[in-house]
Amino acid sequence: MLTLTLNGQPRRLDNIPAQATALSVLRDRLATCGTKEGCASGDCGACTIAIGTRDDRGEMHYHSANACILPAHQLHGCHVLTVEGLSRNDELHPVQQAMVDHHASQCGFCTPGIVMSLFCLEHQRRQQGLDTPPNDDTIDAALGGNLCRCTGYRAIRDAARAMHTLPGPAADDGGRLIATRSDGEGFYRPENRQELITLLSQHPQARLIAGGTDLMLEHTLALKPLPELIDLSSVAELGHIKEDDRGWWIGAGVTYHQLTPLLAEHYPAFHALLERLGSQQIRHRATLAGNLANASPIGDTPPILLALGARLRINGISGAREVSIDDFFTGYRRTALTEGEYLDAIYLPRLQGGEQLLAWKLSKRREDDISAVMLALRVTVADDGQLRDVRLACGGMAATSQRAPHVEAALEGQVFDGDVLANACKAIAEDFSPINDVRASREYRLAAAAGLLTRAYHRLARRHEAIPMTLEEI
């Protein structure tokens, strides 16, 4: 049974298949058809909904999510708002009224998703006690996952600036919901590690899912069946970040959104890249562990984790073990995980002394797009200018994200001057033989990787030491 509060009303549904999306349930079973399907891949934002959960003080917090790739069973026990649930007694919510006042809708297909993204922004700002208009960067971040073919966005941004000035009803959270377990119909939701391991032994063919932002595409786009899913998002032990003297263990259930404060403080380059990894809707659901287990050669985070020298804790029916990130990827879409195992946590080592982390991605679109080429470099520049402990990794250059040993050897112990740069750029072709595909040609990828390495050279040569990293440099 799936139990949730939808627009203030308790709803209970039976016979929901494991692979059912939140969008299909909202439209087909609950008749809330304001939520639209545009891309079925989490790119356009027409399906955006608001999901509410309570903090320890009982206060409701909403975040935006793409309903088209969200497993319906992950709504169990949640408070869900769609565009139908914002108005009260024929009085529009301030976000809706601002959209009307500023003529921010034309065909209207994308409008519900935009409204829900802005609702989450306004709800958050009101909770923070902010009564000023959001700036352009804040608006762009909130709407980064919403596409509109008609309005050109100016009117939508005007509405975003004005919505805080309008009086109106707050969304009703429907009180407290008491929900039972949602196991059934092939969707299993363990609440602790032991339950998870038991389910792995009972259902060896089940797929593991956390945020589902990639796995669900197999169903929505490739139309593959997903008859059995084991959900990691409710396993309590996987939802924590634990610090020790040398770094942090990031649980497999920690989302990018939850990881953001740590990265912003300790890994600025990683944090800057994260702002380009999907939209807010995606980052509210996706996990670092999912990006690794997916083992895509164009994943954004594996090159950074390779450069950092991360460690991975793997757990399962045969017990726990640790592996180096260097040994995790075994081939295209293949990892060191064996049957009955799952990725439990990722260890991020703290940058020591003069260590620096640099990371950049190139993609066809600046925002919300997959990498064509990704480069990450961790290095120490000694007092005499020599490069020490060089670790450099690339994505989009091979069947897996991988380190570049010839490039590392060309840099290790050297003063990073023009000749060293030239030798390191030549070494890229020794480490990688990229393919041609829809995102980039082989020649482009080799040239692009050399360009990113040249960018690293300029950064490390301190030619811009007084200039902080900007979006234009990412």
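Aspartate 136 is partly exposed in this predicted model, its relative accessibility being 34%. Its side chain meets that of arginine 161 in a salt bridge, with a distance of 2.8 Å from N to O. The two residues belong to distant parts of the chain, since aspartate 136 lies in helix 4 (residues 136-142) and arginine 161 in helix 5 (residues 154-162), 25 residues apart. Arginine 161, with a relative accessible area of 29%, is likewise classed as partly exposed. Both residues also take part in a network of salt bridges that links Asp136, Asp140, Arg154, Arg157, Asp158 and Arg161. Side chains of opposite charge can pair when their charged atoms come close, and a total of 22 salt bridges was counted in the model.

A further salt bridge is formed between glutamate 218 and arginine 207, whose closest N and O atoms are 3.0 Å apart. Glutamate 218 counts as partly exposed at 22% relative accessibility, and arginine 207 is partly exposed with a relative accessible area of 34%.

The side chains of arginine 391 and aspartate 326 meet in another salt bridge, for which the N to O distance is 2.9 Å. Here the partners are 65 residues apart, arginine 391 in strand 18 and aspartate 326 in the loop between strand 12 (321-324) and strand 13 (329-331). Because its relative accessibility of 13% falls under the 20% limit, arginine 391 counts as buried, whereas aspartate 326, at 33%, counts as partly exposed.

Strand 18 (residues 387-395), which carries arginine 391, pairs with strand 17 in the antiparallel sense over 7 bridges. Within this pairing, valine 381 has leucine 387 of strand 18 as its bridge partner. The two strands form a hairpin with 5 residues between them, and glycine 385, located in the turn, has a positive phi of about 90 degrees. Strand 17 is also joined to strand 16 (residues 355-362), again in an antiparallel arrangement, through 8 bridges, and leucine 362 finds its bridge partner in valine 373 of strand 17. Of the 9 residues of strand 17 (residues 373-381), 8 are buried, so this strand is largely enclosed by the rest of the structure.

A second hairpin joins strand 9 to strand 10 through 2 residues. Strand 9 (residues 241-244) and strand 10 (residues 247-251) run antiparallel and are joined by 4 bridges, and the bridge partner of lysine 242 in strand 10 is tryptophan 249.

For the protein as a whole, 15 helices and 19 strands were assigned. The radius of gyration is 23 Å, which agrees with the value near 23 Å that a compact globule of 474 residues would have, and the C-alpha trace spans about 70 × 55 × 45 Å along its principal axes. Buried residues account for 53% of the 474 residues. Among contacts between residues at least 6 apart in sequence, 67% join residues at least 24 apart.

Note on methods: Residues numbered from 1 in each chain as written. Predicted model: local features only at pLDDT ≥ 70, side-chain atom pairs only at ≥ 80, totals over all residues. Heavy atoms only, no water. Pairing = 2+ DSSP bridges. Buried < 20%, exposed > 50% of the residue type's maximum accessible area, 1.4 Å probe, protein only. Salt bridge = Lys/Arg side-chain N within 4 Å of Asp/Glu carboxyl O. Rg over C-alpha atoms; globule rule 2.2 N^0.38 Å. Contact = heavy atoms within 4.5 Å.
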